[in-house]
Amino acid sequence: MLGQRNDNNPSLELVCPAGTPAALKAAAEAGAHSIYCGLRNETNARNFPGLNFSEKELNAGVRLAHKHGSHVLVAVNTFARAGDTHIWKRAVDAVSASGADAIIAADIAVLDYAKEKHPNLRLHLSVQAAAATPESISFYQDTFGVQRVVLPRVMSVEEIVKLNKEVTVETEVFVFGGLCVMTEGRCALSSYATGKSPNLTGVCSPPGDVSYDEDDSNLYARLGGFTIDGFGEGETAGYPTLCKGRFKAEGETSYLFEDPVSLNAASLLPRLQKAGVTAVKIEGRQRGKAYISQVVKAFRAAVDAMDAGGNAEEEVSAMLSAMTEGGRETTGAYKKIWR
Amino acid sequence: MFFKPERGLFPPALQKALGILPVPPLGFALTRAVRRLARHRPDLFERLDTYKRTHFIIDPIDIPHVFRMIPNGEHATVEMFKRKDAPEGAARISGPLIVLLGLVDGTYDGDAVFFTRDLVIEGDTDAVLALRNTMEEADLSPAEFLGFNGRPREVVDGATNKTLDHLRRLLDAPTATS
Ligand code: SF4
């Protein structure tokens, strides 16, 4: 059963990404307790070409995951568009029919539809809802019966400890992968450059608006025609995510919003467990199965070691640091005061 | 050592020699392989969605030929051209041959070799991403792609993997990501 963590069973639930059926299989085989995925349309916030599941693939994926003892959580976490709500309704119906263990949603219309039509379907509040206060979380709990909330990646461990004392729903936090630096669900940067943003079309800095141009030995990464970063010869290139670009301001060129680093909070697992967190989440539905398999195995080893009263922090951190973007990592907001 | 290996590129002398040789009918064999795959794994071509009609130019920069692939299910085509006669495509993927082959069999992660700049992407990035994600799902071994089954598949895969592994080391190709 999902969310059975209590004093007798303090084990952290490991929630792992799957962008394709092959990645779902890799995550299940690597020991994921839960696997999250989405349908191949604009109802989920990772709507990239060639990614995600058809309804048929979702049904098969749920069967396969259950065979391995893993749960499946399906993200229907974009905001329904007026006049087109049937796409979101159909997605919720499909998730329920697939036998998945929970739906991850952010929009109150989607949550309401799920609650009314499929009262037995477990509801998780997506990070896209940006609920980070006891008041907003209680609203979703009281109104829709939400059982778990995924917390934004901008909270420190101290803030999570405090929050967990004030709410009765389960909390889930990101511990590894790409870092979205704004309070999730409230960043419109990508819309300015491309007209598309995570909440409306399910993509931030969409690949269709990306171009890479070489001039002499420099490579320029552009988004919607705007130069987001440039890389000299031999320098590792990066994806032009708007908030992670190098811009010139007041005569100085720098990563204006945030360095292009990845989140790695493996070393904080014991503190997060103590903070009363139910589940830890790995970002990366767009990543390949080899990556998923390695990251899941590393985290599963860490969680198992903690369950056995031990500590695998150092080995796990070492296993993971090679897998972060450009080998550069951060513990994100967990250890710092948000700037 | 006759040459200094450089990130998987064929040595210049071999590149020149390949330019003199007649063009082998590789396009024909590859077209058949992709069409056979479309019959056995229609889900992969559904995943490509509208991008199955994209003209992909696959450019192994260390051989004198380029390929144009239109992965349109059972109507798919793969054609081979001399580089100077290469058509314009909607999306172009260029890199050393050994790196491109490693992408097909899953030795390399597309993102990783792109960020280290061993792979260059031009044109329709959406289409390239759709192709990358589809190949990720396909999980093809070389023998499976060529239509071998059962024991012969194991033998061909074993031999191919060994040869490619050896070549990667000889050519100082990027380290495998999986
Ligand atoms: S631009 Fe950055 S902060 Fe904004 S949604 Fe995209 S990744 Fe998140």
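## Briefing: how chains A and B meet, and what lies within them

Across the interface of chain A and chain B, 14 residue pairs are in polar contact, both partners at pLDDT 80 or more. Please keep in mind as you read that this is a predicted model. The side of chain A that touches chain B has, by class, 13 nonpolar, 14 polar and seven charged residues. Below is a friendly tour of that interface, followed by some features inside each chain.

**The interface between chain A and chain B**

- Chain A brings 34 residues to the contact, and chain B brings 24 residues.
- About 2100 Å² of area is buried between the two chains, and carbon and sulfur atoms give 49% of that area.
- On the chain A side, the residues that lose the most area to chain B are Pro49(A), Tyr212(A) and Lys289(A), which together make up 24% of what that side buries.
- Three salt bridges are counted between chain A and chain B.
- Lys289(A) and Asp139(B) meet through their side chains in a salt bridge, at 3.7 Å from N to O.
- Four elements of chain A each supply at least two residues of the side that touches chain B: helix 1 (21-30), strand 8 (210-215), strand 9 (218-223) and helix 10 (289-307).

**A hairpin in chain A and its arginine**

- Strand 11 (residues 246-249) and strand 12 (residues 252-255) of chain A pair in the antiparallel sense, over four bridges.
- These two strands form a hairpin with two residues between them, and Glu250(A) in the turn has a positive phi of about 50 degrees.
- Arg246(A) stands opposite Tyr255(A) of strand 12.
- The side chain of Arg246(A) also forms a salt bridge with that of Glu235(A), at 3.1 Å from N to O.
- That pair links distant parts of the chain, with Arg246(A) in strand 11 and Glu235(A) in the loop between strand 10 (226-231) and strand 11, 11 residues apart.
- Both partners count as partly exposed, Arg246(A) with a relative accessible area of 25% and Glu235(A) at 32%.

**A buried glutamate in chain A**

- Glu13(A) sits in strand 1 (residues 13-17) of chain A.
- Glu13(A) counts as buried because its relative accessibility is 9%, under the 20% cut-off.
- The side chain of Glu13(A) makes a polar contact with the side chain of Ser34(A), at 2.7 Å.

**Helix 4 of chain B**

- Helix 4 (residues 97-104) of chain B has Ile98(B), Val99(B), Leu100(B), Gly102(B) and Leu103(B) as its buried residues.
- Those buried residues pack against strand 1 (56-60), strand 4 (91-95), helix 5 (110-115), helix 6 (125-138) and helix 8 (150-170) of chain B.
- Gly106(B) follows helix 4 and has a positive phi, near 85 degrees.

**Thr54(B) in its loop**

- Thr54(B) lies in the loop between helix 3 (42-48) and strand 1 of chain B, and is buried, with a relative accessible area of 9%.
- Apart from neighbours within four places in sequence, Thr54(B) is in contact with Met69(B), Ile70(B), Pro71(B), Ala90(B) and Ala127(B).
- The side chain of Thr54(B) reaches the backbone oxygen of Tyr51(B) at 3.1 Å.

**Salt bridges within chain B, and the overall count**

- Over all chains, the structure holds 28 salt bridges.
- Arg168(B) and Asp165(B) meet in a salt bridge at 3.3 Å from N to O, and are separated by about one helical turn because they are three residues apart in helix 8.
- Arg168(B) counts as buried at 12% relative accessibility, whereas Asp165(B) is partly exposed at 35%.
- Lys84(B) forms a salt bridge with Asp85(B), their closest N and O atoms being 3.6 Å apart.

Notes: Residues are numbered from 1 along each chain as its sequence is written. Chains are lettered from A and ligands numbered from 1 in the order in which they are written. This is a predicted model: local features need pLDDT of at least 70, side-chain atom pairs count only at pLDDT 80 or more; totals for chains, interfaces and linings use all residues. Side-chain values use heavy atoms; hydrogens and water are left out. Contact means heavy atoms within 4.5 Å. Buried area is the accessible area (1.4 Å probe) that two parts lose on being put together, summed over both. A salt bridge is a side-chain nitrogen of Lys or Arg within 4 Å of a carboxyl oxygen of Asp or Glu. A polar contact is a pair of N or O atoms within 3.5 Å; within protein, one must be able to donate a hydrogen and the other to accept it, and residues adjacent in sequence count only if both atoms are side-chain atoms. Ala, Val, Leu, Ile, Met, Phe, Trp, Tyr, Cys and Pro count as nonpolar, Asp, Glu, Lys and Arg as charged, and the others, Gly among them, as polar. Buried means under 20% relative accessible area, exposed over 50%, partly exposed in between (1.4 Å probe, protein chains only). Two strands pair if DSSP finds at least two bridges between them.
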